[in-house]
Amino acid sequence: MSAVAETAGLPAALVAGASSGIGAAVARRLAARGHAVALVGRREAELKEVAESIRTEGGTALPLVLDLAEPGAPAEAAAATAAALGPVGVLVCSAGAIRLAAIHETEERHWERQVRVNLTVPFLLAREVLPGMRERRHGWIVNIGSGVGSEVVPGSGGYGVSKHAVERLTELVHEENRDLGIRAVTVAPGWVATRLAARPADLGVTEDEVLDAEDIADTVAWLLDRPARMSVGPLVRVEPTASRAAAGDAMTRHLTRARAEGAGPIAKESR
């Protein structure tokens, strides 16, 4: 193990999609806990800004500018993290791609992009870090899912399917490794105020009714603080209290509004 990780007393963490939103908030929270954190994302300027904010607070951050959807990138991220910070003991997958459309309106390339980013990347990263976790008999894998993944929301398209599938991926990782001290959880947020989500004001909801990225970071930190004897999940849903800010209902209203305005498929990525 590297000197950095040994000094901190906590395992190194790798956060995918750490340049903004939930990923950035989780990375900062893990660093504040004492983890040396590798930040992986495509947007170099934003990634370095998050890394600098961690260092300013006395933490250790390694920015890795990579497009994890590219072949070989997940393996490169895991290897670079291990070389600089020590073996990965906490993996958080927060990278996301969303293109909302009905199934018959979804282009094959858009379907494949969402499945690649939302499902295949978490699989590839887990495959990279699990052998070491199994050998050390300890580790955490946290996938950031979506409340939409647990509901049938017409128009959620490849996003809804891939987020539902990542829940099953997490369940498999959990069952295959739970007796080796490894815990896997999907944290499935409802409406969170990030660049991927609709603006609350557009749907008649106030800012304080929706979640923010820090709420999800709090949830991840809470999970990591559970004693080894305790299993939580493998699906943990985190929703706003207000019913009108619930994930499925909010997305339905968002899609209805977009169609009324004549907008095409809604596409965003956070990586």
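**Close-up views of a predicted model**

Val161 sits in helix H6 (residues 157-177). Helices (H or I, at least four residues) and strands (E, at least two) are DSSP runs, numbered from the N terminus. This is a predicted model, in which local features need pLDDT of at least 70 and side-chain atom pairs count only at pLDDT 80 or more, while totals for chains, interfaces and linings use all residues. Residues are numbered from 1 along each chain as its sequence is written, and side-chain values use heavy atoms, with hydrogens and water left out.

**View 1. Ile103, Trp111 and Val161 make up a nonpolar surface patch.**
Together the three residues have about 270 Å² of accessible area, computed by the Shrake-Rupley method with a 1.4 Å probe, where for residues only the protein chains shown count as cover. Patch members have over 30% relative accessible area and no salt bridge; like charges are joined within 9 Å, and nonpolar side chains (Val, Leu, Ile, Met, Phe, Trp, Tyr) within 5 Å. Val161 has a relative accessible area of 39% and is therefore partly exposed. Buried means under 20% relative accessible area, exposed over 50%, and partly exposed in between (1.4 Å probe, protein chains only).

**View 2. Ser162 is a buried residue of helix H6.**
Ser162 counts as buried because its relative accessibility is 1%. With neighbours within four places in sequence left aside, Ser162 is in contact (heavy atoms within 4.5 Å) with Gln114, Val115, Asn118 and Leu119.

**View 3. Strand E6 (residues 139-144) is mostly covered.**
Six of the six residues of E6 are buried. In a regular strand the side chains alternate between the two faces of the sheet. Gly139, Ile141 and Asn143 lie on one side of E6, and Trp140, Val142 and Ile144 on the other; all of these are buried, which leaves both faces covered. Strand E4 (residues 88-93) pairs with E6 in the parallel sense over four bridges; two strands pair if DSSP finds at least two bridges between them. Within this region, Val90 has Trp140 of E6 as its bridge partner.

**View 4. E6, H6 and E7 form a right-handed β-α-β unit.**
A crossover is right-handed if, with the strands pointing away from the viewer, the path from the first strand over the helix to the second runs clockwise. E6 also pairs with strand E7 (residues 182-189) in the parallel sense, over six bridges. In E7, Ile182 is the bridge partner of Gly139, and Ala184 is that of Ile141.

**View 5. Strand E7 has both faces covered.**
Eight of the eight residues of E7 are buried, so the strand is largely enclosed by the rest of the structure. On one side are Ile182, Ala184, Thr186 and Ala188, and on the other are Arg183, Val185, Val187 and Pro189, all buried. E7 runs parallel to E8, and four bridges join them. The bridge partner of Ala188 in E8 is Arg237.

**View 6. Arg237 forms salt bridges with Glu151 and Glu239.**
A salt bridge is a side-chain nitrogen of Lys or Arg within 4 Å of a carboxyl oxygen of Asp or Glu. The closest N and O atoms of Arg237 and Glu151 are 2.9 Å apart. This pair links distant parts of the chain: Arg237 is in strand E8 (residues 235-238) and Glu151 is in the loop between E6 and H6, 86 residues apart. For Arg237 and Glu239, the closest N and O atoms are 2.6 Å apart. Arg237 is partly exposed at 35% relative accessible area, as are Glu151 at 32% and Glu239 at 27%.

**View 7. A salt-bridge network links Arg29, Glu214 and Asp218.**
The structure holds 11 salt bridges. In one of them, the side chains of Arg29 and Glu214 meet at 2.7 Å, N to O. This pair links distant parts of the chain, with Arg29 in helix H2 (residues 21-33) and Glu214 in helix H7 (residues 213-224), 185 residues apart. Side chains of opposite charge can pair when their charged atoms come close. Arg29 has a relative accessible area of 23%, so it is partly exposed. Glu214 also counts as partly exposed, at 35% relative accessibility.
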